[in-house]
Amino acid sequence: LAKFDTINATPDAQSKLLANRTDNEAYLTHIEGKQYAIYFPNGGSVDLDLTAQKGAYKIECLNIETSKWQEAARTEAGKKINLTAPEGKHTLVLVSAE
């Protein structure tokens with residue numbers, strides 16, 4: 001994935017940055033303050049904790065089954081943001097500092 005720096009990313013194995021997550025609903029790897037990649041194996045909705053961050057972030061969703069990106073959205077840090085993937089689809093949500 002050219003948009004995400006997987007080599008320097010750290011998995012959030014204890015899901016400390018994801019709230020309202022059920023078991024196996026979503027998985028996170030990230031570069032603190034820069035990029036967050038959340039994988040939803042079967043749809044779902046979680047909150048990503050950006051309360052310790054500042055600035056604007058871009059949110060992009062990739063439907064892995066079709067290899068198509070949806071139109072990007074934007075949000076401000078300093079809060080928890082809700083991320084929702086379509087039901088029944090393998091989805092990657094990429095949240096990147098602008």
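**Sheet and nonpolar cores**

A37 counts as buried, because its relative accessibility is 6%, under the 20% limit. The model is predicted. A37 lies in strand 4. F4 is one of them. Y27, L28 and T29 also touch A37. L92, V93 and L94 complete the list. A further pair concerns A37 and E60, which are 23 residues apart along the chain. Their C-alpha atoms are separated by 9.6 Å.

Three strands form an open sheet in the order 2-5-9, with antiparallel pairing. Strand 2 and strand 9 stand at the edges. Each has a single partner strand, so one side of each is left without a neighbour in the sheet. Strand 2 covers residues 18–19, and strand 5 covers residues 44–49. These two strands pair in the antiparallel sense over 2 bridges. Strand 9, residues 80–85, runs antiparallel to strand 5 and is joined to it by 6 bridges.

In strand 5, L48 is the bridge partner of L18. L48 also stands opposite I81 in strand 9. Both L18 and I81 are among the residues that L48 touches, with residues up to four places away in sequence not counted. Other contacts of L48 include L17, L28, Y36 and I38. K79, K80, L83 and V95 touch L48 as well.

The largest nonpolar core has 19 residues. Y36, I38, L48, L83 and V95 have the most contacts inside this core. Strand 4 (35–40), strand 5, strand 6 (56–63), strand 9 and strand 10 (91–97) each supply at least two of its residues. A second, separate core has 7 residues. Among them are F4, A37, L62 and L94. L48, in contrast, belongs to the largest core, where its contacts include Y36, I38, L83 and V95.

Note on methods
Residues numbered from 1 in each chain as written. Predicted model: local features only at pLDDT ≥ 70, side-chain atom pairs only at ≥ 80, totals over all residues. Heavy atoms only, no water. Pairing = 2+ DSSP bridges. Helix = DSSP H or I, 4+ residues; strand = E, 2+ residues; numbered from the N terminus. Core = buried A, V, L, I, M, F, W, Y, C linked by side-chain atoms within 4.5 Å. Buried < 20%, exposed > 50% of the residue type's maximum accessible area, 1.4 Å probe, protein only. Contact = heavy atoms within 4.5 Å.
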